[in-house]
Amino acid sequence: MLLRFTEDHEWLKIDGEVATVGITAYAAEQLGDLVFVQLPEIGTTLDKGQEVAVVESVKAASDVYAPVAGEVVAINEEIVNDPSIVNANPESSGWFYKLKLADVKSAEGLMDEAAYKELIG
Amino acid sequence: MSIDAKTSDAKTSATPLQRTPLHALHLALDARMAPFAGYDMPLNYPTGVLKEHRHTRAAAGLFDVSHMGQIILRPKSGGMADAARAIERLVPADILGLAPGRQRYTFLTNDSGGILDDLMVSNRSDHYLLVVNAACKAQDLALLQDGLERDCNVEQLDRALIALQGPKAESALARLSPDCAGMQFMDVRELTILGTECVVARSGYTGEDGFEISLPADVAREIAEGLLENPDVAPAGLAARDTLRLEAGLCLYGADIDTATAPAMAGLSWAIPAARRQGPRTGGFPGARIILEELDRGAASRRVALAPETRTPVRAGAPLFAEESGGTPLGHVTSGGFGPSVDRPIAMGYVPTALSAPGTVLFAEVRGRRLPVAVATFPFVEHQYKRA
């Protein structure tokens with residue numbers, strides 16, 4: 001299991017060719033209380049950087065981008081029904097979707113936890 | 001994802017942000033601060049906007065609204081009727097009929113019938129006290145000085161303003177100042193709180209019962225902390241203030257009303273009483289002919305409550321259509337988001353009067369998709385004002 005982060009405040013837990021993707025605790029805290037989550041449909045093929053999900057806090061909507069290319073193979077319906085799960089457990093039960101990586105090596109270049117912590121200060 | 005960078009503006013902004021007398025308290029309470037109308041204001045506290053909002057409806061929320069302008073108009077003649085007649089040259093309210101110890105909602109209008117600002121006016125027996133929007137206060141002060149200088153001394157006060165809102169507001173304030181319990185909605189009185197004379201109005205911007213307390217800056221923190229000692233009272237930030245007023249169906253100046261919206265289309269006809277529509281004091285305020293004509297004739301468009309039928313929040317700026325596809329926008333959303341007490345998205349906006357009947361289904365465009373929204377009725381949450 002490999003843990004990686006992006007500059008756009010997403011985390012990826014990579015297990016073989018499938019990555020579980022969510023938003024970081026820092027992002028969840030900055031956004032504040034989430035009231036709406038829109039997830040992609042299973043089977044959606046994503047390019048790196050493509051808009052894949054939308055999160056809305058009380059104040060504003062934010063896009064979530066695909067950290068790497070791949071195909072959506074699972075989504076977390078629980079956070080659609082109860083967006084507060086993302087605020088409570090952003091890096092565990094608040095996961096967004098699972099991505100079958102187009103290229104298993106594509107995630108290796110992303111930041112590790114130490115580099116991400118340095119980024120957010 | 002891109003994270004809203006509002007909080008960093010404070011560091012990069014060319015003009016330094018102003019601070020209210022409660023600024024240090026907000027920092028001590030670990031508030032998330034953001035620039036608003038030139039002030040560094042608390043957006044929310046660590047509890048978060050949803051809890052702050054719901055706590056206000058269930059118990060009491062304490063809001064710092066010291067950024068708002070407080071302006072005193074004192075009649076040069078000593079006669080309040082002279083000041084009232086002068087103020088009526090600028091607003092369409094019945095100021096002559098406003099009794100001592102009472103407050104009223106009104107707005108400054110312009111020559112084209114639009115709204116320059118909305119405000120509260122209190123009759124304080126020997127002067128009038130105006131509370132105006134923060135973003136408009138310099139403009140309002142200039143307009144009042146210019147328009148009233150023959151009749152009134154116009155003075156901006158450098159005082160703090162605290163709003164205590166919610167069903168427990170009365171009991172919380174009564175612990176420090178028992179006389180507040182005898183006040184009705186829109187009463188204004190001088191009350192002693194922790195040894196300081198404060199000007200207290202029974203009003204607010206949440207739809208709840210509550211008080212707005214004007215007090216000297218140097219005791220603001222002590223009194224705020226005195227109220228916060230009560231476990232029923234929790235601090236609430238501007239984010240909760242906005243969701244609370246939206247649920248209450250109240251207008252936000254600059255979003256729902258502005259210089260392009262006339263009172264009739266904004267649904268504010270109730271604030272223009274008979275005394276200013278007929279008889280010797282008809283009109284006389286800027287844009288009166290246009291405004292009164294529209295009251296008679298009816299406005300071509302109307303501000304309406306909108307209930308999105310999906311879970312997707314529909315926000316300010318979203319265009320509104322009659323059709324699910326094609327067509328041209330017939331109006332737009334002016335305020336919208338999530339209502340924490342109704343637990344669903346809510347919005348308001350302008351639509352043609354022919355499409356303003358409750359139940360009419362329109363479509364709001366959000367991220368390229370047309371989502372159904374039904375015209376609803378205000379307020380989304382019933383008002384809880386204390387009336388006799």
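In this predicted model, ring pairs join Y105(B), F107(B) and W270(B) into a cluster. A pair of aromatic rings is described by how far apart the centres are and by the angle of the planes. Searching the whole structure gives five aromatic pairs over all chains.

One of these pairs is in chain A, where F5(A) and Y116(A) are stacked, with 4.8 Å centre to centre and 10° between the planes. F5(A) belongs to strand β1 (residues 2–5) of chain A and Y116(A) to helix α4 (residues 113–120) of chain A, so this pair ties together parts that are 111 residues apart in sequence. F5(A) and Y116(A) are both buried.

F378(B) is partly exposed, because its relative accessible area is 29%. F380(B) has a relative accessible area of 12%, so F380(B) is buried. The peptide bond that leads from F378(B) to P379(B) is cis, with omega near -10°. P379(B) itself is placed in the segment after β19 (369–376) of chain B.

Backbone angles can be followed further. Most peptide bonds are trans, and most residues other than glycine have a negative phi. D30(B) is a residue other than glycine with a positive phi, near 65°. The loop that holds D30(B) runs between α2 (23–28) and β1 (32–36) of chain B. With a relative accessible area of 56%, D30(B) is exposed. L194(B) is not a glycine either, yet its phi is positive, at about 50°. L194(B) is found in the loop between β10 (188–193) and β11 (196–201) of chain B, and at 40% relative accessibility L194(B) counts as partly exposed.

Now return to chain A and the residues around F5(A) and Y116(A). T24(A) is placed in the loop between β3 (18–23) and α1 (25–31) of chain A. Its relative accessible area is 0%, so T24(A) is buried. Neighbours within four places in sequence aside, T24(A) is in contact with F5(A), H9(A), E10(A), W11(A), P90(A), E91(A) and Y116(A). The ring of W11(A) also has K13(A) over its face, at 4.8 Å from the ring centre. Elsewhere in chain A, the charged end of K98(A) sits over the ring of W95(A), 4.8 Å from its centre.

The next topic is how helices meet in chain B. Two packed helices are described by the distance between their axes and the angle between them. In chain B, helix α3 (residues 49–58) packs against helix α8 (residues 238–247) at an angle of about 55°, and their axes are 8 Å apart. That angle makes α3(B) oblique to α8(B). The crossing of the helices α3(B) and α8(B) is right-handed. On the α3(B) side, V49(B), E52(B), H53(B), T56(B) and R57(B) take part, and they meet A239(B), A240(B), T243(B), L244(B) and E247(B) in α8(B).

T259(B) is partly exposed, with a relative accessible area of 41%. T259(B) and I115(B) are 144 residues apart in sequence, but 4.6 Å apart in space, C-alpha to C-alpha. Leaving aside neighbours within four places in sequence, the contacts of T259(B) are N110(B), G114(B), I115(B), L116(B) and Y253(B).

Key:
Residues are numbered from 1 along each chain as its sequence is written. Chains are lettered from A and ligands numbered from 1 in the order in which they are written. This is a predicted model: local features need pLDDT of at least 70, side-chain atom pairs count only at pLDDT 80 or more; totals for chains, interfaces and linings use all residues. Side-chain values use heavy atoms; hydrogens and water are left out. Rings of Phe, Tyr and Trp (its six-membered ring) pair if their centres lie within 6.5 Å; planes under 30 degrees apart count as stacked, over 60 as edge-to-face and the rest as tilted. Helices (H or I, at least four residues) and strands (E, at least two) are DSSP runs, numbered from the N terminus. Buried means under 20% relative accessible area, exposed over 50%, partly exposed in between (1.4 Å probe, protein chains only). A charge sits over a ring if NZ of Lys or CZ of Arg is within 6 Å of the ring centre and within 35 degrees of the ring normal. Axes are lines fitted to C-alpha atoms, for helices over the stretch in contact, and angles run from 0 to 180 degrees between N-to-C directions. Angles under 35 degrees count as roughly parallel, over 145 as roughly antiparallel, 65 to 115 as roughly perpendicular and the rest as oblique. A crossing is left-handed if the near helix is turned anticlockwise from the far one by less than a right angle, and right-handed if clockwise. Contact means heavy atoms within 4.5 Å.
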